[in-house]
Amino acid sequence: MEHRSLPVPDGLVGQRVDAALATMLGFSRSFAAEVVQHGGVTLDGRVLSKSDRLHADGWLEVTWEEKSGPEIVPVEIPELGIVYDDDDVVVIDKPAGVAAHPSLGWEGPTVLGALAGAGYRIATSGPPERQGIVHRLDVGTSGLMAVAKSERAYSALKWAFKRREVDKIYHAVVQGHPDPLAGTIDGPIGRHPGSEWKFAVTREGKPSITHYRTLEAFPYASLLEVELETGRTHQIRVHMSAQRHPCVGDSMYGADPTLSKRLGLERQWLHAMRLGFAHPRTGEPMEFHSRYPADLMRALEVLRG
């Protein structure tokens, strides 16, 4: 068991205890919430719940049990396509149902596990369970994703994503018809105040910018081309839901289950179509394209009637 005893820092007065723990002790928000849920945090002798807020001049006692980090488990995923491969980078076409990397609470297949199972050697930079990962796709989102194989590529690609020098184009089918038909959504994204697993447009969130344009309109939905200027978790899903046009099939962010069922969708209609970046070693411009997977294509055909 680990234990810390410390005063409430002035800069964290008024913060929720789970967010404060993450800042003070370097926990993930989910692990901080788990520690609080198990009665591991007291403030002046009173056991806290995760939504409690810290007050000035208080004394915290935190007790927790260290967890071993998630491990990369080699696995075969025949549906995972290799679009490009050299000594520095591998670009894959990720199927839905596959996470980018291992994480606590996820027991399914991962991109890193699939690459390990296929004999790929990935860069060792980054946290142990995320080595080589320079960007991610949600489990339920399919499409193009780059993974660094060399340390040089890891540094260069992370920097390129940070400087917004990577072109990331998605196609999404959303409910209804956005008005205007093309535009920009500029709304900061942060943790959802009522859920550990969701995100939302919040005043305290990180700057997030999404550009979209309508490619095709149907009676109940629209096919959009979406370009991400930033890369926040669930960004497209959160921004479209905030506009009251959630991705079709996205039950987490308010999609109509009746429409999802009619289209045969068990995940959000969202696909990473195009990925472009400068090669991390040569600087040569590279661009990769993907096609819709079968489940998204079938749903689109139903919408087209």
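This is a predicted model: local features need pLDDT of at least 70, side-chain atom pairs count only at pLDDT 80 or more; totals for chains, interfaces and linings use all residues.
Let's start with the big picture. The chain holds seven helices and 15 strands. Its radius of gyration is 21 Å, close to the 19 Å that the globule rule gives for 305 residues, so the chain is as compact as a globular protein of that length. If you draw a box around the C-alpha atoms along the principal axes, you get roughly 65 × 45 × 35 Å. Of the 305 residues, 47% are buried. And if you take contacts between residues at least 6 apart in sequence, 63% of them link residues at least 24 apart.

Now zoom in on helix H2, which covers residues 29–37. Its buried residues are Phe31, Ala32, Ala33, Val35 and Val36. What do they pack against? Their partners are helix H1 (17–25), strand E2 (41–43) and strand E4 (59–64). Just past the end of H2, have a look at glycine 39, which takes a positive phi of about 75°.

Our last stop is serine 125, in the loop between helix H3 (111–117) and strand E7 (142–148). Is this serine buried or exposed? The cut-off for buried is under 20% relative accessible area, and serine 125 has 19% relative accessibility, so it counts as buried. Its side chain makes a polar contact of 2.4 Å with the side chain of glutamate 151. Beyond its neighbours within four places in sequence, serine 125 touches Arg130, Gln131, Gly132, Glu151 and Tyr154.

How values were computed:
Residues are numbered from 1 along each chain as its sequence is written. Side-chain values use heavy atoms; hydrogens and water are left out. Buried means under 20% relative accessible area, exposed over 50%, partly exposed in between (1.4 Å probe, protein chains only). Helices (H or I, at least four residues) and strands (E, at least two) are DSSP runs, numbered from the N terminus. Contact means heavy atoms within 4.5 Å. A polar contact is a pair of N or O atoms within 3.5 Å; within protein, one must be able to donate a hydrogen and the other to accept it, and residues adjacent in sequence count only if both atoms are side-chain atoms. The radius of gyration is taken over C-alpha atoms; the globule rule is 2.2 Å times the number of residues to the power 0.38.
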